[in-house]
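Thanks for coming, everyone. Today I want to talk about aromatic side chains. Please take a look at the sequence and the model.

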Amino acid sequence: TDGLKRNIMAASLTASQILTVKDIIQFDVTFAKSDGFLESTASTVRVNGVREVESLPETRSRYSLSTKWVHGLSDLSALNLSYRYYWDQWDVGAHTARVAYLFDIVEDESYIELFARYHSQSEVEYFDSSFSSKRTFMTSDSDMADFSSYEGGVFYESLYDDKEIFGIELEEITLTHGLVYGQRSNGLRLGYYQFGVGFAF
């Protein structure tokens, strides 16, 4: 109701290099800066037994370095390995590793990706599960806690012929499905299904 604003600026620089006829490597550097209202309207903290809204600084700068290696196993399958190191202004440090196996079901029309992901991070300096007294900055958001997590899943993407719908010619139609399961060391378990549609017109 107060019209609180959040501004986000992000910049990324990516470079790739072909190593062999079967291998390519990619490097990425990303910077993002947020300012304004960075609290979550859904998050509260417990201060001496009483619930209050969380309070966070008005700026947050984030940085990450990542690399990805793609190795072709055959004309129809590939192995992807990636790693990212992340750090930010709020003293969070994180490591993320991902491995994926992709293979074509129908060449240039559909493929399946099987993946596993590991993530480990330190907590935001303002985090605690509860506070004995009020502080300038406080959060109990579990996304900002110290934890490690594991995820695994499968994605399927298929490409369809151009179609005309309601008089609009749609091209490069793709449908994607994803099924993911994961769990964190701080007790969170998650599972979700996702569905997406993409097209050009």
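**Rings and a surface patch**

F31, Y63, Y85 and W87 form one aromatic cluster. Keep in mind that this is a predicted model.

How many aromatic pairs does a search of the whole structure find? The count is 9. A pair of rings is described by two things: the distance of the centres and the angle of the planes.

Take Y85 and W87. Their ring centres are 5.3 Å apart, and their planes meet at 25 degrees. Planes under 30 degrees apart count as stacked, so this pair is stacked. Y85 is partly exposed, at 31% relative accessible area. W87 is partly exposed too, with 31%.

Now compare Y118 and Y150. This aromatic pair is tilted, with 5.2 Å from centre to centre and 50 degrees between the planes. Where do the two residues lie? Y118 is in strand β8, residues 110-121, and Y150 is in strand β9, residues 147-160. The pair therefore ties together parts that are 32 residues apart in sequence. Y118 is partly exposed, with 35% relative accessibility.

Next, the surface. L13, V29, Y63, L65, Y83, Y85 and W87 make a nonpolar patch of about 630 Å². Which elements give two or more residues to it? They are β5 (59-72) and β6 (77-88). The largest share, 3 residues, comes from β6. Y83 lies in that strand, β6. Y83 is partly exposed, at 36% relative accessible area.

The charged end of R184 sits over the ring of F147, 4.3 Å from its centre.

How values were computed: Residues are numbered from 1 along each chain as its sequence is written. This is a predicted model: local features need pLDDT of at least 70, side-chain atom pairs count only at pLDDT 80 or more; totals for chains, interfaces and linings use all residues. Side-chain values use heavy atoms; hydrogens and water are left out. Patches are made of residues with over 30% relative accessible area and no salt bridge: like charges are joined within 9 Å, nonpolar side chains (Val, Leu, Ile, Met, Phe, Trp, Tyr) within 5 Å. Accessible areas come from the Shrake-Rupley method with a 1.4 Å probe; for residues, only the protein chains shown count as cover. A salt bridge is a side-chain nitrogen of Lys or Arg within 4 Å of a carboxyl oxygen of Asp or Glu. Helices (H or I, at least four residues) and strands (E, at least two) are DSSP runs, numbered from the N terminus. Buried means under 20% relative accessible area, exposed over 50%, partly exposed in between (1.4 Å probe, protein chains only). Rings of Phe, Tyr and Trp (its six-membered ring) pair if their centres lie within 6.5 Å; planes under 30 degrees apart count as stacked, over 60 as edge-to-face and the rest as tilted. A charge sits over a ring if NZ of Lys or CZ of Arg is within 6 Å of the ring centre and within 35 degrees of the ring normal.
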